[in-house]
Amino acid sequence: MTATATANGAIRRTRLTQHDRILAMLRAYPEGVCGIRFLENYMPTYSQRIGELVRVKGYTITAIECPYGHHTHNSNIGTYQLVEGINAEQLQLEDANG
Ligand SMILES: [Zn+2]
């Protein structure tokens, strides 16, 4: 499990774990992961976490229309696709090793 210590020494696991879980789901389903799937996996704040992955960690995640015709949810629930490539997190790792 990944964890980082904050300034006051507390260990923040939950947010990192959700980032890791979202990335794992996006990588497992390159055709896209419907928001409903994140809700089913107990991540009601998935859209905020995806926003953090994009803005803070530099991942490229695009939103498309849900391609699963059997889903009956509102059309404003997006399906997310991860575009793999160099991102800020990977660059930081390379900097740390160099
Ligand atoms: Zn859907």
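Colleague: Does Glu-40 count as buried, partly exposed or exposed, and at what relative accessibility?

Modeller: Glu-40 counts as partly exposed, because its relative accessibility is 44%, where buried means under 20% relative accessible area, exposed means over 50%, and partly exposed lies in between (1.4 Å probe, protein chains only). Before going further, please note that this is a predicted model, in which local features need pLDDT of at least 70 and side-chain atom pairs count only at pLDDT 80 or more, while totals for chains, interfaces and linings use all residues. Residues are numbered from 1 along each chain as its sequence is written, and side-chain values use heavy atoms, with hydrogens and water left out.

The side chain of Glu-40 meets that of Arg-37 in a salt bridge of 2.7 Å, N to O, the term standing for a side-chain nitrogen of Lys or Arg within 4 Å of a carboxyl oxygen of Asp or Glu. Side chains of opposite charge can pair when their charged atoms come close. Both Arg-37 and Glu-40 belong to helix H2 (residues 35-40), where they sit three residues apart, about one turn of the helix; helices (H or I, at least four residues) and strands (E, at least two) are DSSP runs, numbered from the N terminus. Arg-37, with a relative accessible area of 33%, is partly exposed.

A search of the whole structure finds three salt bridges. One of them joins Arg-49 and Glu-52, whose closest N and O atoms are 2.9 Å apart, and these two residues both lie in helix H3 (residues 46-55), three residues apart, about one turn of the helix. Arg-49 counts as buried because its relative accessibility is 8%, and Glu-52 counts as buried at 12%.

Another salt bridge brings together the side chains of Arg-27 and Glu-84, at 2.7 Å from N to O. Arg-27 lies in helix H1 (residues 14-28) and Glu-84 in the loop between E5 and helix H4 (88-97), so this pair ties together parts that are 57 residues apart in sequence. Arg-27 is partly exposed at 41% relative accessibility, and Glu-84 is partly exposed with a relative accessible area of 46%.

As for the setting of these pairs, the protein chain has four helices and five strands, and along the sequence they follow the pattern β-β-α-β-α-α-β-β-α. Of the 98 residues in the protein chain, 33% are buried.
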